[in-house]
Amino acid sequence: MPVLKHEQTAEKLAKLVEKGYGQGEGIDYKPFLDVIRVPSKGRVSRIKGWKTNRVHHFLTDSETRYFYLLEYGGFEGFQIIDVREHYPLIEGMNEILPTLDKQLIKRVFNQKSGEPMVLVTTFLITLQNADGDISYYARSVKDYRQLENSQVIERFEVMNRYWKYRGIDYGIITNKEIPIVPAKNIEFIHSAYHLDEYGIKDEEQVIYIDYMLKLIANYQDSPVKDVAIQFNNDLNTEDGTGQLIYKHLLARKIVKINMNKPINLDLPCSEVTFVDKGEGIGAFYQHVDSI
């Protein structure tokens, strides 16, 4: 778990808070750590979120992969409505300090300068149930090998007490526990969620989605890649548009496949399950009839 400590003083931390770091919700949230200000030994990523419509910052592949799972997945009876990465443990920290022994106190103060250090939890996730009730859970993402480090374990214990004090479920996720295949599948389709970012207008989106669904339904024995090519030929679109629309259908869960296996465009259309054909069903032929 990241800990912001280098050359930090109470004054500098106060300025970060004043600038909004670690505050806000949804599109307005500003992560306390970002790929610009914080060096990382891992591969950094900047990804526009489906749920928040803002750019998220990740410092390792494991953080990125867990985020993809949060974007696509959910929990039975709950919907994930917000994901806040690199959430700082500031509010309420003073209340738990008296409960910490001398060894744990060392993990929240710089031992040389005596200045405070800010512990950061990788994810604070907001859930909403069918009745609209809101709840939260917090997760730290860490390489399993670092759990052998006593200082890391002690920082996690401070985090555990912090979140327990706030009444929020907390846990640690290691890279061994993150399923790589589903995460990579979601990465493959993730950028296709917003078609307007490809210059496809709303009316075109409805027509394209409808036509792709009809092709999938009518050519069950054909590979998805062939149907995507036929889409391009039939509608005279740019190469790759058919594949983009297929990825969009997966991202929006209009259709589903087995996400525990690598996405394979040689998959026959019979393996694609229709979930929601959308309100625009028949839009392509309605458009043709209107010409």
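In the predicted model, the buried residues of helix α9 are Thr 241, Gly 242, Leu 244, Ile 245, Tyr 246, Lys 247, His 248, Leu 249, Leu 250 and Ala 251. Because 10 of the 11 residues of α9 are buried, the helix is largely enclosed by the rest of the structure. The elements against which these buried residues pack are α2, α6, α7, α8 and β8 (255–256). Just after α9, Lys 253 adopts a positive phi of about 60 degrees.

Thr 241 belongs to helix α9, which covers residues 241–251. The relative accessibility of Thr 241 is 13%, and the residue therefore counts as buried, the cut-off being under 20%. When neighbours within four places in sequence are left aside, the contacts of Thr 241 are with Tyr 208, Phe 231 and Asn 232.

One of the partners of α9 is α7. The two helices, α7 and α9, pack at an angle of about 90 degrees, and their axes are 10 Å apart. Angles of 65 to 115 degrees count as roughly perpendicular, so α7 is roughly perpendicular to α9. On the α7 side the contact is made by Tyr 208, Ile 209, Met 212, Leu 213 and Ile 216, and on the α9 side by Thr 241, Gly 242, Ile 245, Tyr 246, His 248 and Leu 249. Sorted by class, the contact of α7 with α9 contains eight nonpolar residues, three polar residues and no charged residues.

Helix α7 also packs against α8. Helix α7 comprises residues 202–218 and helix α8 residues 224–235; the angle between them is about 130 degrees, with their axes 10 Å apart. The crossing of α7 past α8 is right-handed. In this contact, Tyr 208, Tyr 211, Met 212, Leu 215 and Ile 216 of α7 meet Val 227, Ala 228, Gln 230, Phe 231, Asp 234 and Leu 235 of α8. The residues of the contact of α7 with α8 comprise nine nonpolar, one polar and one charged.

Not counting residues up to four places away in sequence, Phe 231 touches Tyr 208, Tyr 211, Met 212, Leu 215, Asn 236, Thr 237, Thr 241, Gly 242 and Ile 245.

In soluble globular proteins, nonpolar side chains tend to be buried together. The largest nonpolar core of the model has 49 residues, of which Tyr 66, Leu 70, Phe 123, Ile 216, Phe 231, Tyr 246 and Leu 249 touch the most other members. At least two residues of this core are supplied by each of α2 (61–72), β4 (78–88), β5 (118–129), β6 (134–142), α6 (180–190), α7, α8 and α9. The greatest contribution to this core comes from α7, with eight residues. Another core, of 20 residues, lies apart from the largest one and includes Leu 100, Val 152, Trp 163 and Ile 168.

Leu 127 lies in strand β5. The relative accessible area of Leu 127 is 8%, so the residue is buried. Setting aside neighbours within four places in sequence, Leu 127 is in contact with Phe 75, Phe 78, Gln 79, Ile 80, Asp 133, Ile 134, Ser 135 and Tyr 137. The C-alpha atoms of Leu 127 and Leu 265 are separated by 33 Å, and these two residues are 138 residues apart along the chain.

Asn 175 is found in the loop between β7 (169–174) and α6. With a relative accessible area of 25%, Asn 175 is partly exposed. Apart from neighbours within four places in sequence, the residues in contact with Asn 175 are Ser 62, Lys 142, Asp 143 and Tyr 144. Asn 175 and Tyr 144 are 31 residues apart along the chain, and their C-alpha atoms are separated by 6.4 Å.

For the protein as a whole, the secondary structure amounts to 10 helices and nine strands. The C-alpha trace spans about 75 × 40 × 35 Å along its principal axes. Of the 291 residues in the protein, 46% are buried. Among contacts with a separation of 6 or more, 65% are between residues 24 or more positions apart.

Key. Residues are numbered from 1 along each chain as its sequence is written. This is a predicted model: local features need pLDDT of at least 70, side-chain atom pairs count only at pLDDT 80 or more; totals for chains, interfaces and linings use all residues. Side-chain values use heavy atoms; hydrogens and water are left out. Axes are lines fitted to C-alpha atoms, for helices over the stretch in contact, and angles run from 0 to 180 degrees between N-to-C directions. Helices (H or I, at least four residues) and strands (E, at least two) are DSSP runs, numbered from the N terminus. A crossing is left-handed if the near helix is turned anticlockwise from the far one by less than a right angle, and right-handed if clockwise. Contact means heavy atoms within 4.5 Å. Ala, Val, Leu, Ile, Met, Phe, Trp, Tyr, Cys and Pro count as nonpolar, Asp, Glu, Lys and Arg as charged, and the others, Gly among them, as polar. Buried means under 20% relative accessible area, exposed over 50%, partly exposed in between (1.4 Å probe, protein chains only). A nonpolar core is a set of buried Ala, Val, Leu, Ile, Met, Phe, Trp, Tyr and Cys residues joined through side-chain atoms within 4.5 Å. Angles under 35 degrees count as roughly parallel, over 145 as roughly antiparallel, 65 to 115 as roughly perpendicular and the rest as oblique.
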